[in-house]
Amino acid sequence: MTHKSNLESDLQIHISITVTNTSDTLASVNEKVTAMTAMIGMVFEKMQSPEEKEWAAFARQNGGVERVLESDDLMRKVIEKQKSGAKDEKGPTGKYGQLPTTLAEFERELGKDVDTVLAENTKAFEQKFGAVAASLREVNVTIQRQSDRVIEEVLAGMHAGPHERILDKVLSIACS
């Protein structure tokens, strides 16, 4: 009987230690996730364009994004502000193609899922990505050329005598 109670006691202690360790690990993971979430939030905030910062300020002034989305008056203000900004920047269509002109069109645009929006903008993304890739290839070629020049200079200096490494021609003539 005592052996059985000793085993049960040991098992309870072992389970208690395991639960404590699991709880500590979970708390640590929770802290790390919270820190990462805050960091990601800061990164996205820093990456915002001036236009996005302006829209975020507009939403904050009017009670937040949810309140703006729920209010027809605020949504109309958004459409009007978007129209005036689009005319200033790139004509009647703005940066991202044809802008919605009515509240119903705007709500339909907001209701699209991410896959649909990505599919609609794939061509523009591929063109921009191609342009960036081409410029990166040009930079890579330039870096390779500069690297080759540096290597040639170093190798030339290694195979030359000390008198050939003198860059001051007056001193070079005096040493010869």
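How many salt bridges does the count come to by the rule used here? The count comes to 3 salt bridges, where a salt bridge is a side-chain nitrogen of Lys or Arg within 4 Å of a carboxyl oxygen of Asp or Glu. Before we visit them, here is some background.

This is a predicted model, in which local features need pLDDT of at least 70 and side-chain atom pairs count only at pLDDT 80 or more, while totals for chains, interfaces and linings use all residues. Residues are numbered from 1 along each chain as its sequence is written, and side-chain values use heavy atoms, with hydrogens and water left out.

## The overall picture

The protein has 8 helices and 0 strands; helices (H or I, at least four residues) and strands (E, at least two) are DSSP runs, numbered from the N terminus. Along the sequence, the pattern reads α-α-α-α-α-α-α-α.

Of the 176 residues, 11% count as buried. Buried means under 20% relative accessible area, exposed means over 50%, and partly exposed is in between (1.4 Å probe, protein chains only). The protein exposes about 14,900 Å², and carbon and sulfur atoms supply 60% of this area. Accessible areas come from the Shrake-Rupley method with a 1.4 Å probe; for residues, only the protein chains shown count as cover.

A contact means heavy atoms within 4.5 Å. Among contacts with a separation of 6 or more, 32% are between residues 24 or more positions apart.

## The nonpolar core

Which residues make up the largest nonpolar core? This core has 9 residues: F58, A59, V68, L74, M75, V78, I79, L103 and F106. A nonpolar core is a set of buried Ala, Val, Leu, Ile, Met, Phe, Trp, Tyr and Cys residues joined through side-chain atoms within 4.5 Å. Helix 2 (50–61), helix 4 (72–90) and helix 5 are the elements that give two or more residues to this core. Helix 4 supplies the largest share, 4 residues. As a general background, nonpolar side chains tend to be buried together in soluble globular proteins.

L103 sits in helix 5 (residues 103–110) and is buried, with a relative accessible area of 13%. Not counting residues up to four places away in sequence, L103 touches D72, M75, R76 and I79. L103 and I79 are 24 residues apart in sequence, and their C-alpha atoms are 7.6 Å apart in space.

V68 is another member of the core. Leaving aside neighbours within four places in sequence, V68 is in contact with F58, A59, N62, L74, M75 and V78.

Helix 2 has 12 residues and reaches 16 Å from its first C-alpha to its last, close to the 16 Å expected at 1.5 Å a residue; the expected span is 1.5 Å times one less than the number of residues. Just after helix 2, G63 takes a positive phi of about 95 degrees.

N62 is found in the loop between helix 2 and helix 3 (65–70). Is N62 buried or exposed? N62 counts as buried, at 18% relative accessibility. Beyond its neighbours within four places in sequence, N62 is in contact with R67, V68 and L74.

## The salt bridges

Now back to the opening topic.

| Salt bridge | N to O distance |
|---|---|
| K81 and E54 | 3.5 Å |
| D73 and R76 | 3.8 Å |
| K112 and E120 | 3.0 Å |

K81 lies in helix 4 and E54 in helix 2, so this pair ties together parts that are 27 residues apart in sequence. K81 counts as partly exposed at 26% relative accessibility, and E54 is partly exposed as well, at 45%.

D73 and R76 both lie in helix 4, 3 residues apart, about one turn of the helix. D73 counts as exposed at 56% relative accessibility, whereas R76 is partly exposed, with a relative accessible area of 44%.

In the remaining pair, K112 is partly exposed at 29%, and E120 counts as partly exposed at 45% relative accessibility.

M36, M39, I40, V43, F44 and M47 make a nonpolar surface patch of about 620 Å². Patches are made of residues with over 30% relative accessible area and no salt bridge; like charges are joined within 9 Å, and nonpolar side chains (Val, Leu, Ile, Met, Phe, Trp, Tyr) within 5 Å. F44, one of the patch residues, lies in helix 1 (residues 2–46) and is exposed, with a relative accessible area of 54%.
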